[in-house]
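The sequence and structure come first.

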Amino acid sequence: MKEVQEATAETRRVLKADMVWGIIWVILGVFVILYSMPYAEVPSFDPIGAAYLPRLLGSGISILGLGLFLDSYFKYRKLLPSKSPELTHEKRSPNQPAYQGTVRILLSVVTCILYIVLIQPVGYILVTPAFIAAIMKIYGESNKRRIASMSIGMTAALYAVFAIGLKVLLPLGVFELILP
């Protein structure tokens, strides 16, 4: 029974942290939207304008942050003492440390920084699949076929949207020597 209470207390702590992170992401998304407001007045050859992509990004960040908050909130409500702890707790395996969420966040930040540093010299085509695979591995995906297909598929889809659809010049990196 004590193990169940400890697991429930740990789960509650993690869910509270997720709620705080959800609020932080919503605030960051709103900040991006507000910060991009002056770009709406910038003359551009792009028919959708210079503020479109930052606003879209800010909206996406806010929506995902709100989703994280709401998901964590409703899971937290299920774990309140009025419910039976045996039925509502999430079991943590013995080899899963309590600080795993923090480690995942730090690894994600380091992976994002590496992606930003390497995209220009190495190129979008090579760095993006590695980045997606690393993020999937960090968050627990173990199926190699799924990791490979998602990495290649997402890279191709993003390339189609940005390079072909929006005519954004993506960094070629090592392919600059091969392609004219």
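## A loop residue

Where is Glu 141 found? Glu 141 lies in the loop between α5 and α6 (144-165); helices (H or I, at least four residues) and strands (E, at least two) are DSSP runs, numbered from the N terminus. Its side chain reaches the backbone nitrogen of Asn 143 at 3.2 Å. Leaving aside residues up to four places away in sequence, Glu 141 touches Met 136, Arg 146 and Ile 147, contact meaning heavy atoms within 4.5 Å.

## Basis and confidence

This is a predicted model, in which local features need pLDDT of at least 70 and side-chain atom pairs count only at pLDDT 80 or more, while totals for chains, interfaces and linings use all residues. Residues are numbered from 1 along each chain as its sequence is written, and side-chain values use heavy atoms, with hydrogens and water left out.

The mean pLDDT (the predictor's confidence in each residue, from 0 to 100) of the protein is 81, with 79% of residues at 70 or more. Among the elements, α5 has the highest mean pLDDT (93) and helix α3 (residues 85-88) the lowest (44). Residues 83-90 have pLDDT below 50; this stretch has 15 contacts in the model beyond near neighbours in sequence.

## The α4/α5 pair

Helix α4 (residues 100-122) packs on helix α5 (residues 124-138) at an angle of about 175°, the axes being 9 Å apart. Axes are lines fitted to C-alpha atoms, for helices over the stretch in contact, and angles run from 0 to 180 degrees between N-to-C directions. The pair is therefore roughly antiparallel (angles over 145 degrees).

Residues making the contact include Leu 107, Tyr 115 and Ile 119 of α4 and Val 127, Phe 131 and Ile 135 of α5.

Key. Parallel < 35°, antiparallel > 145°, perpendicular 65-115°, else oblique. Polar contact = N/O pair within 3.5 Å; in protein donor to acceptor, adjacent residues only side chain to side chain.
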